[in-house]
Amino acid sequence: MNMSKVEIKSPYLLYLAQIVILTAIYFGVAKMGLSLASFRGIVTLVWPPTGVALAALLLFGYRLWPAIALGALLVNLSAGASLATGGIALGNTLEAVVGAYLLNRTGLRYNLERLRDAFSLVFWGAIVSPTIGAAIGVASLGLTGAGAWADYDSVWWVWWLGDAMGVLVVAPALLIWGYQPRLAMPLRQVVEAVGLLAALVIAGELVFGGFYISQVANYPLAYIIFPFVIWAAFRFGQRGATTATLVAAGLAVWGTAQGVGPFAQETIDASLLLLHGFLSTMAITAMLLAAALAERNQTEEALKEQRAFLRQVININPHLIFAKDRAGRFTLANQAVADVFGTTIEAILGKTDADFNPETTQNEHFRRDDLDVMNTLQEKFIPEEPITDAAGRIRWLQTIKRPILDSSGQALQVLGVATDITAHRQAQEELQRYKKHLEELVKERTLELTEAVEQLEREITERRQAEEALRESEERFHYLADATFEGIVIHDQGQILDANQSFALMVGYELAEVKGKNVLGFATPEYRDLIMQHVQSDYEKPYEVMGLKKDGSTFPAEIWAKIIPYQGRMVRVAAIRDITERKQAEETLLRQNEFLVALHQITLDLLNRREMGDLLQALVDRAATLLDAPYGELMLKEGDELVVRAFTQNQPFLLGDRIGRDEALLSWQAHDTGQPAILDNYSAWAAHRAIYNGVHLRAVAEFPIMIGQACLGVLALGRDEPDYPFKPEQIQKGILLSQLAALILDRANLYDAALREITERKQAEEALLQQAVELEARNEELDAFAHTVAHDLKVPLGPITGYADILIEDDALLTPNERQKYLQIIARSGRKMNSIIGELLLLASVRKKEVKSAPLDMAGIVAEAQQRLAHLIEEHQAEIILPQVWPVALGYAPWIEEVWTNYLSNAIKYGGRPPRLELGATVVGQAVSLPDEESPPDSPPKVRFWVHDNGPGLSLAAQRRLFTPFTQLGQVRIEGQGLGLSIVRRIVEKLGGEVGIESEGIPGQGSIFSFTLPQAPA
């Protein structure tokens, strides 16, 4: 039924049509209920119009209240209650309006697919709001003489039960069908629904139609209906559960009214009272069961999506991630493993290494390592091991293996993470071959040189040749020396006698300029003593020095010298090699090793599930070291701001600093584009951050932290050394580090997720339990909520059910005073439950609700809080001292009223005797600049509001626990559930302020509870 869909062009005619239709429906349903009336034809235990009225106001708005009032007026006039008609109609209307308002305040979803919605409808709709109609209606009967005041209690009870029954049975079905009238189901489900309805009707007729056998008449046959209602809840959700409940209720009421069925008694009142208990139990059970099933289904869908996401994260990881059981079968493999084996992930699972790797020796080696890890329960690091891929090539892996423990502490599987280091190993082998080749070449050429010199000496000694022959020999020597890439120098105690062209080119001189100089002049000062020591000691092994060129530049050099005879004397010949390229290769290899070690350590940290803050800090420190950038920071996006979460110690800001779009433009550029933002001279950039005015940053690189298309934050690195930009390979490393940061942020507990997935694959029957564990880990706040409901709501619920049972069973034996006392206890317990639920809802809404801050009238807000606590102030004779003027702050008035109410109530309860409270406020920081001022202040000003009591004070340990949820001021649970100060903290922090406590713990000096808010602009 959707009255708003009627095709009437005039809004006034449409409204009038809606009023008429709802009035007619209300009147018709009410006449059916009055057919079972037990008191003057107007009070009945079955009153479905209450559910119709409540559902209509929730679906179509409060503006239809005249239809309810008119329908109630007409039906009571037709029943003969002429004088009390107005009061009864007023009560019926207020009951529906107040119930709809309270349910809307709780955020009720009309599909009732959350437990909180079902609980709200039961409590506010079926328990609280019917008290209004019953109270006003029975009072109207008493005031007009239509009923005796002596019957007030019993008539009120019947009236309330009838209205509650209407809400529980009728309202849920109307809400769900009215909220979503269209129903799209496959034919199979339609057939099942029709079959279910038919079976329910048949069962209802058997139970309530008087067809049961007389011998089993006293058996609890009514509960035959329950399986069909539960069937409807499981298969068709709230729509099926509420519809089945409504159909079953109709059959039960009709049969009981006819005097047949398991609840038939001597009087219609007694019959309907028993029926009321059955229908209430069935309606509440079905509605809560359907809501719980809906929440479970939503959670299962979320878990499926999460599991698929984690699988994608594992598959995009470049490392080989796998798991095997004790039989060597793969239970987990990512895409990197599938690429090595040249197959798919699905084809790998359940197979062993031997199914893909033809090398038996390698497979046996893998098998031994796996069993060793599982048997010793110790992690194993394998620096390098070979594996043959699908193409028959040898790949080298660096692997970490760790045992996966079951609940009994036994290792049934092993988890491995392997890094392909083939390129790194090939580079090392190539470097070793090149080094060996160079050494052999030097030895060969040095030997040739030595033989040539010895031959020259023999020629001189024997005087076999003339001067021309000697010159020819010298020419041959120079030709040989010039043919080598090494520099050749002949010197006597450091004085250069001869050298080749390669040496002259190496040091940037002409060959003629070299001769006659001291060899020490071609080395940097720090190596000259070493060279002279080797010359004087005739040292003949290779050693390294730093060479010095003519233009002042330096280069690494390797010297290999030997004593030889030359022109009748013993001199020293040295082969000098420029090893710049070798040093660069070694340095590159060293940096690559450092980078791989850092990646390895970050992976280990991720597997070891370290704290998120430690992981982010370690990532920033390693990134700064690997990229040789002394300045680094990691900022995460929160709302429209970037918040600093980790940084190097020399940064000029603090952890938690928030950065808007009007500053750090380079960081926001990286965030918005999803690409690295690079500058070679940040200080000269016009848009650089003002906080770096004292730091001359040069090269700056900003790397976005991306998950898919979403940017989670920015990893920023900077250098203060001039002319030192970031190289392309360093930028690539920065991108990889930002990807690692994204992986850390996305799921620091990747190990837990993989372990859960492996366990699910291994033992399907434990899947439900595993999902429950994951659900528990991801819903801590829901656990806290359930804990509060289970413990704190149980306390007031006990008196409600206990005294309600007494009123039901021993009503005839109770005096009016006893009845009044029990009803007061029930009402007081209900209000207590209302307070607990209100605080829980406020605690949850503060986190989710977004409000707009505005200037606060603090004097009016404090006055409202005092009015709420008037009974407490009067009870404790509390004295409250207020300031004459309050500073104007920014905030949200309803929330700030809750803050003052909590602070004042705590100060009164736990303060001195009698309590003496002093309230005040001070401005902290600079005044806010007006819009036309030239520059904003350095720090935004705030207003600190405080309450000073005269209580015994608090210890430091107690102060640290105060603002934690479920913690109270008293050492024992005197009253409440300990949410007040945690609500205060959440409200104040949501509005941009902070809470505080000052106390020396000295009796009489009391405590000062404070909170800050941004000051309003002047």
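Guide: The buried residues of helix α3 are A67, I68, A69, G71, A72, V75 and N76, where buried means under 20% relative accessible area, exposed means over 50% and partly exposed lies in between, with a 1.4 Å probe and protein chains only. This is a predicted model, in which local features need pLDDT of at least 70 and side-chain atom pairs count only at pLDDT 80 or more, while totals for chains, interfaces and linings use all residues. Residues are numbered from 1 along each chain as its sequence is written, and side-chain values use heavy atoms, with hydrogens and water left out.

Helices (H or I, at least four residues) and strands (E, at least two) are DSSP runs numbered from the N terminus. Helix α3 covers residues 65-78, and at 1.5 Å a residue its 14 residues should span 20 Å, which agrees with the 20 Å between its end C-alpha atoms; the expected span is 1.5 Å times one less than the number of residues. An α-helix has 3.6 residues a turn, so residues three or four places apart point the same way. The buried residues of α3 pack against α1 (11-34), α2 (49-60) and α4 (85-105), contact being heavy atoms within 4.5 Å.

Two of these partners, α2 and α4, also meet each other: their axes come within 9 Å and cross at roughly 50°. Axes here are lines fitted to C-alpha atoms, for helices over the stretch in contact, and angles run from 0 to 180 degrees between N-to-C directions. The pair α2 and α4 is therefore oblique, since angles under 35 degrees count as roughly parallel, over 145 as roughly antiparallel, 65 to 115 as roughly perpendicular and the rest as oblique. On the α2 side T50, A53, L54, L57 and L58 take part, and they meet E95, A96, V97, G99, A100, L103 and N104 in α4. By class, this contact of α2 with α4 has eight nonpolar, three polar and one charged residues, where Ala, Val, Leu, Ile, Met, Phe, Trp, Tyr, Cys and Pro count as nonpolar, Asp, Glu, Lys and Arg as charged, and the others, Gly among them, as polar.

Helix α4 also packs with helix α5 (residues 115-144), at an angle of about 160° and with the axes 8 Å apart, so that α4 and α5 are roughly antiparallel to each other. The contact of α4 with α5 has twelve nonpolar, nine polar and one charged residues by class.

As for the whole chain, there are 32 helices and 23 strands, and of its 1018 residues 46% count as buried. Another helix, α20 (residues 612-626), has 15 residues that should span 21 Å at 1.5 Å a residue, and its end C-alpha atoms are 21 Å apart, which agrees. Its buried residues include L615, L616 and A623, and just after α20, D628 takes a positive phi of about 55°. A623 is also among the contacts of L717, a residue of strand β16 (residues 710-718) that is buried, with a relative accessible area of 2%.

Finally, L377 has a positive phi of about 60° although it is not a glycine; L377 lies in the loop between α13 (360-376) and β3 (380-388) and is partly exposed, with a relative accessible area of 37%.
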